[in-house]
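I opened the notebook with the coordinates on screen and set down each item as I looked it up.

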Amino acid sequence: MPISENMVQEIVQEVMAKMQIADAPAGKHGVFKDMNDAIEAAKKAQLVVKTMSMDQREKIITCIRKKIKENAEVLARMGVEETGMGNVGDKILKHHLVADKTPGTEDITTTAWSGDRGLTLIEMGPFGVIGAITPCTNPSETVLCNTMGMLAGGNTVVFNPHPAAVKTSIYAINLLNEASLESGGPDNIAVTVEKPTLETSNIMMKHKDIHLIAATGGPGVVTAVLSSGKRGIGAGAGNPPALVDATADIRKAAQDIVNGCTFDNNLPCIAEKEVVAVSSVVDELMHYMLTENDCYLASKEEQDKLVETVLAGGKLNRKCVGRDAKTLLSMIGVQAPANTRCIIFEGPKEHPLITTELMMPILGIVRAKDFDDAVEQAVWLEHGNRHSAHIHSKNIDNITKYAKAIDTAILVKNGPSYSALGFGGEGFCTFTIASRTGEGLTSASTFTKRRRCVMTDSLCIR
Ligand code: NAD
């Protein structure tokens, strides 16, 4: 008996109805006690997702976009409250960016060759269930953005979020499953466990049903994923320098750099973490930062106190990460004006506040004797992460030289770093930048495998 489209739909609906009863405790869609159960549920959901048309996947993604916008403020507040990092206003903007500019199914494309010997296609197929490890710096942004891309590619996803951001991550996972159910899709397109730990992460990484792992975080997690024996997408740490040469519009450079550096209190991995400027423009640059961009110039003594507080015992003090400039200054006994946005100072590239990826609005400025020296120092400061770098220059030869030398996934020219995420710049948005493994800014197509589909001697109709 031929199987009609209606019959397929009925079977799909029946499977989905059973799954919802079995797997989803009310109000907690996608949240499980046990990692193995979470993976099992995501696997069942993927069986449904892979039978869905691209239109059906897109319908869910459209609903996810709507829900992110409706919940942008709740997610932003929750993220700041739970992690103690970042600021609500910028986090709202980040969620709108995810909703508006994360690619959906349009990113899944086909390559075709047709000729005398037939028709060959390269199709982008799903991996199945993807494992994803997410950071506390952009918790819900990463969960939402990853799921949209992974679902567009026909996958479902099991998250092991950062334990410090579990409540926010679970809220986002709930929204994703609600969007799927409301759009006629299955529950558990995204799942997690109530208490994510290194142990649950290990279970996930070793599980036979996980064929691809996307790790967004510092060097430890990327190395762990790349040692797992599975295919890994490694979105690791950065320490992006902003280079300013003598041809730059210095006033605009000061504004762009401070705007980028202070966005969400410097949490984004792409944000300006230090400046390298040629000697002839350093004073002017700092002048504009101080007079027009609400910066605070830290004295030598204040720098030393900041080192003691921010890098207590030589280790990054997590209580300082993602804090605003005024709070950081109050921690060292300085009552700064209420509008203070960024702490600046001039220092050598080896200064601990310059060489370390701090993720807070402290911006060291390194003086270079000329452009070549600036490039050399900036490359050193990027630490070979190949993540992000920025430049303010009107000399295209200089820009080209820097781009080749620093070899990063992102290079913003004459703008704030966040324009690389499509915010005030062209292009799509992502919060997983695969710097270590080379995929660069991830999108739906990154989460698919290439499948060659060959018909010999037919279907060429030229
Ligand atoms: P983190 O490395 O502390 O944690 C990230 C995630 O990895 C968390 O879920 C954590 O629980 C997990 N983790 C850490 N070590 C692990 C291990 N050995 N095995 C398994 N899981 C492990 O990072 P964070 O503080 O949450 O985020 C900030 C860091 O992430 C910064 O270094 C930043 O540059 C980087 N980051 C990179 C990107 C990118 O797209 N490249 C995006 C955001 C953040």
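**Ligand shell**

I began with the ligand and found that, of the 27 residues around it, P135, G217, G218, A237 and C269 come nearest. I kept in mind throughout that this is a predicted model.

I then looked up which elements supply the shell, and noted that β4 (129-134), α7 (198-206) and α8 (219-226) each give at least two residues to it. The largest share comes from α8, with three residues. Sorting the shell by class, I read 13 nonpolar and 13 polar residues, together with one charged residue.

**Helices α5 and α6**

Next I turned to helix α5 (residues 139-152) and helix α6 (residues 166-182), whose axes come within 8 Å and cross at roughly 30 degrees.

For the contact itself, I listed P139, S140, V143, L144 and T147 on the α5 side, which meet T168, S169, Y171, A172, I173 and L176 on the α6 side. By class, I wrote down seven nonpolar and four polar residues for the contact of α5 with α6, and no charged residues.

**Domain record**

Last, I consulted UniProt, where an unreviewed entry lists residues 33-425 under "domain: Aldehyde dehydrogenase". Over residues 33-425 I noted that the chain is 46% helix and 19% strand, and that the end C-alpha atoms are 42 Å apart.

Key:
Residues are numbered from 1 along each chain as its sequence is written. This is a predicted model: local features need pLDDT of at least 70, side-chain atom pairs count only at pLDDT 80 or more; totals for chains, interfaces and linings use all residues. Axes are lines fitted to C-alpha atoms, for helices over the stretch in contact, and angles run from 0 to 180 degrees between N-to-C directions. Helices (H or I, at least four residues) and strands (E, at least two) are DSSP runs, numbered from the N terminus. Two residues are in contact if their C-beta atoms, placed from the backbone, lie within 7 Å. Ala, Val, Leu, Ile, Met, Phe, Trp, Tyr, Cys and Pro count as nonpolar, Asp, Glu, Lys and Arg as charged, and the others, Gly among them, as polar. UniProt positions are given in the numbering used here, feature names are shortened, and annotations may be inferred rather than shown by experiment. A residue is near a molecule or strand if its C-beta atom, placed from the backbone, lies within 6 Å of it.
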